[in-house]
Amino acid sequence: MAEVVWQGEVTHSTVLSSVPSDTWSDMSQKPKRKHAAMTAEVVPVPSSVVAAAAAVVAEGGHNDEPSSQPEKKPKKEQPSTSKEDLRSPEEITKQLEDTFDIRRSFITIEMPGIPIILETYPDLFTGKNMLLEFQRISKIDIDHTIQEYCVKFAPGIVELAKHTSGSAAILKQADQAKQDNAALKQYWDMVTALCLIPLLLKENIVEMVREIGEEDEVDPRGKVVPILIARGSIFKSDEFFLVAEETVLQEFEEFTMAFATLFSSYWVFNMQYPRTLNNTYNFVQKGILHLRDETPIPPPCKQLVQKLQKWSKIGKGKK
């Protein structure tokens, strides 16, 4: 297994072992918060809408037709040990709904550090609550929207990436994962597409996701900008950790959920995108979620959107 040196540490890596790791400048820099004038002008979704979505999530379902949704990896049962866990998901969601306005003012005006937000609102870092918070801010169900996009465009992203430097290792791992579990093909296609987007935009995936050994402990030291840590290969792991400001914030079993939460964290914490992933996150924001703000879409993102639209039209013409 190849070794990757990261900020003075030596770690084992598989999918990311062949990806250049020479641009780590933003990882340890002080995170930049958005000022009020920089924040995208979006209208918070009505509480009733988010509450309804949260109720469906709590029941393990979805508020849309499941036909286009890929099968997902089976969940592990997590034992309930604290008194706080005795509250129902609906009660937790209601509490977060009731404190939303106060929380947004606290985060956008006082600009507290993420560890303080975690201490003040610990429920925000459980289950899908970060995604629901993003939905309150943007009106967008990010998990569902990203899934729909990947179902439609993942083959096109893979096709474009085949001739892109650094994609071979990801594509090889993806093919092996699909051979090992064909029932999860659509899930692995989504994972593959999300991992290839930075490469297509000439950015470094290891700025977004870092793999550690399967037996290694997650070390948040030196990790300031939000990043995902995968214990083991992305295509084999069911342990993904969201880390920011030297704090482990939440653990996930599915990469797609972890990725959606990673992106959402920038909006929830009112943070600017890091320079090294500016194109990737702008593509997610404006190319996938169609969430506009006062800034133009970067040229590389616009070009990728156009290439995928062209691929889609050609594909429809062949049917």
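Two strands are said to pair if DSSP finds at least two bridges between them; strands (E, at least two residues) and helices (H or I, at least four) are DSSP runs numbered from the N terminus. The model is predicted, with local features needing pLDDT of at least 70 and side-chain atom pairs counting only at pLDDT 80 or more, while totals for chains, interfaces and linings use all residues. Residues are numbered from 1 along each chain as its sequence is written, and side-chain values use heavy atoms, with hydrogens and water left out.

**View 1. The pairing of β5 and β6.** These strands pair in the antiparallel sense over 5 bridges. Leu-242 has Gln-250 in β6 as its bridge partner.

**View 2. The open sheet of 4 strands.** Its order is β3-β4-β5-β6, and the pairing is mixed. Because β3 and β6 (247-252) stand at the edges with a single partner strand each, one side of each has no neighbour in the sheet.

**View 3. Strand β3 and its partner β4.** The two pair in the parallel sense over 4 bridges, and Ile-212 stands opposite Arg-231 in β4. In a regular strand, side chains alternate between the two faces of the sheet. From β3 (residues 209-212), Val-209 and Glu-211 point one way, whereas Arg-210 and Ile-212 point the other way; all are buried (under 20% relative accessible area, with exposed over 50% and partly exposed in between; 1.4 Å probe, protein chains only).

**View 4. Ser-237 in the loop between β4 (227-231) and β5 (240-244)**. Ser-237 counts as buried because its relative accessibility is 4%. The side chain of Ser-237 reaches the backbone nitrogen of Glu-239 at 2.9 Å.

Note on methods: A polar contact is a pair of N or O atoms within 3.5 Å; within protein, one must be able to donate a hydrogen and the other to accept it, and residues adjacent in sequence count only if both atoms are side-chain atoms.
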